[in-house]
Amino acid sequence: MVHQYKLNGYNIVIDSNSSSVHNVDPVAYDMIALYQTTEAEEIIRQMLLKYGDDPTVTDEELRVVLEDIRALEQSGKLYSPDTFENLDLDLTLRNSVVKALCLHVAHTCNLDCQYCFAAQGKYQGERAIMSLEVGKQAIDYLIANSGTRTNLEVDFFGGEPLMNWKMVKDVVQYARSRELDSHKRFRFTLTTNGVLIDDDVIEFCNKEMYNVVLSLDGRPETHDRLRKDIHGCGSYDVIVPKFKKLVEARGDKEYYMRGTFTHFNTDFTNDLFHMADLGFSELSMEPVVCAPGDPYAITEADMPTVMEHYEILAKDMLQRKADGKPITFYHYMVDLQAGPCIYKRISGCGSGTEYLAVTPWGDLYPCHQFVGETEYCLGNLQDGITNPQKQAEFKQCNVYSHEECKTCWARLYCAGGCAANAYHATGSITGVYEQGCRLFRKRMECAIMMQVAEAQED
Amino acid sequence: MKRIQTLQTRDLEQSVKVGGCGECQTSCQSACKTSCGIANQQCENKNK
Ligand code: SF4
Ligand code: SF4
């Protein structure tokens, strides 16, 4: 399958199965589109007609281009067949170790954000705090079930994890104390709304957390519209100075300012640019995930604006880079040369298999977004997986188990999408969340255009 | 090729043989938490 698009003055051709990317001129662009369905002589005739005014487009020249296209086909970089589908059985067998846990250390929150998928941190349940005992059990569970994997990841998530801060620190310390004897290396991530950040949090995070994810939606009016405290006051003024202090002290360690955009700010690039103006450079912005009828849901009528803003962002980022003031946008980071292997590209997000979420009382769920959906409970830390049938559904969930993905050009950049979004949108984890797919494909077009632009500069 | 510039990309056929070590980050782990996508993931395999 070949995907072609024009963006920012570039003519781009992506060969899906090999994930090859070609930056071509308009003539080659048209010829590649015709090549598989049209006789060579007819292609040449059509090109001479269309580009007759261009003295470089001669019969001889067009035959050279046809040869080039044929050579790319023969080297597997154009019109390449899908030879990876048979790998997915292998993958189902392989998916038997856990390498990442999301610890829900606090099912409670000190903000009352209206769009929160976790229902103000409570996940449709009672408020709860994870005990140190459960936290340690989770670390032991991860070590015991991670096979030969060295790198293990633990996310401190909530609700708001800083509402259980002492326990977070103690769990980190415990995990570190087990690294040597278990031959494992832990990478910790903390996701926080910032309200409780203080000097102790900053110091500890900058020492121990591989990544921190800081929730900020952008401009004050955007942020405060939905991210309010329990008295209904916006939280922007409280958290921004704290985030600044944390990031300044962080040096070159990873962090992300992570925003959510909604129907109310489809011009979300202005929120990203606001973050950049505040001095933050590592940025992420996600479309809100909610029920279609919610007032802040992104509507069909919003889609063209959202798409346009993804383009604005890509062009702006190229300019910032040229000016020596680059920013990073999580979804535009693609490494075409050193990115993931084919196994990763077809195996999906890992929810329910290599990635599990742990509730405050030690139940295991496929991921943080399934917590609270009791029929998705897979087991608990003490007894391990007690619902192997449910887990098997996740083991078998990969890019080839979704009908829609089989014909999607972006599938080897996507790996089949988010199981939770698919479940919420269609009732099945093997469905797809169509609006999310359209946004994903747009983001990939933009990200690849940026790669093309940079390759052209070199 | 005059009219076609091909970018350097990872050889996926080759990665069938050398890939699959599983040391890389789990997709949803870091920044987004509400969607998948593996394009922005780094490969941790030093033998690729
Ligand atoms: S964008 Fe959608 S259809 Fe395409 S691979 Fe991802 S989940 Fe599948
Ligand atoms: S199901 Fe969705 S939210 Fe859960 S880990 Fe996968 S991509 Fe992330």
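1. Strand β3 (residues 20-24) of chain A is joined to β1(B) by three bridges, and the two strands run antiparallel. Within this pairing, H22(A) stands opposite T6(B). The model is a predicted one, and the points below should be read with that in mind.

2. The β3(A)-β1(B) pair belongs to an open sheet of four strands, ordered β1(A)-β2(A)-β3(A)-β1(B), with antiparallel pairing. Its edge strands are β1 (2-7) of chain A and β1 of chain B, each of which pairs on one side only. From one strand to the next, the twist averages 25°.

3. At the chain A end of that order, β1(A) pairs with strand β2 (residues 10-15) of chain A through six bridges, in the antiparallel sense.

4. The contact between the two chains takes in 68 residues from chain A and 38 residues from chain B. On the chain B side, β1 (4-6) and α1 (12-18) each supply at least two of the residues that touch chain A. Of the elements on that side, α1(B) gives the most, with four residues. Sorted by class, the side of chain B that touches chain A holds 19 polar, 13 nonpolar and six charged residues.

5. Helix α7 (residues 199-208) and helix α9 (residues 236-250) of chain A have axes that come within 10 Å and cross at roughly 35°. The crossing of α7(A) past α9(A) is right-handed.

6. Which residues of α7(A) and α9(A) meet? From α7(A) they are I202(A), C205(A) and N206(A), and from α9(A) they are K245(A), L246(A), A249(A) and R250(A). The residues of this contact divide into four nonpolar, two charged and one polar.

7. Ligand 1 is surrounded by 14 residues. The closest are C405(A), C408(A), C414(A), G417(A) and C437(A). By class, the shell around ligand 1 has eight nonpolar, three polar and three charged residues.

8. Where in chain A does the shell around ligand 1 draw at least two residues from one element? Three helices do this: α14 (403-406), α15 (411-414) and α17 (434-457) of chain A. The element that gives the most to the shell is α17(A), with three residues.

Methods
Residues are numbered from 1 along each chain as its sequence is written. Chains are lettered from A and ligands numbered from 1 in the order in which they are written. This is a predicted model: local features need pLDDT of at least 70, side-chain atom pairs count only at pLDDT 80 or more; totals for chains, interfaces and linings use all residues. A residue is near a molecule or strand if its C-beta atom, placed from the backbone, lies within 6 Å of it. Ala, Val, Leu, Ile, Met, Phe, Trp, Tyr, Cys and Pro count as nonpolar, Asp, Glu, Lys and Arg as charged, and the others, Gly among them, as polar. Axes are lines fitted to C-alpha atoms, for helices over the stretch in contact, and angles run from 0 to 180 degrees between N-to-C directions. A crossing is left-handed if the near helix is turned anticlockwise from the far one by less than a right angle, and right-handed if clockwise. Two residues are in contact if their C-beta atoms, placed from the backbone, lie within 7 Å. Two strands pair if DSSP finds at least two bridges between them.
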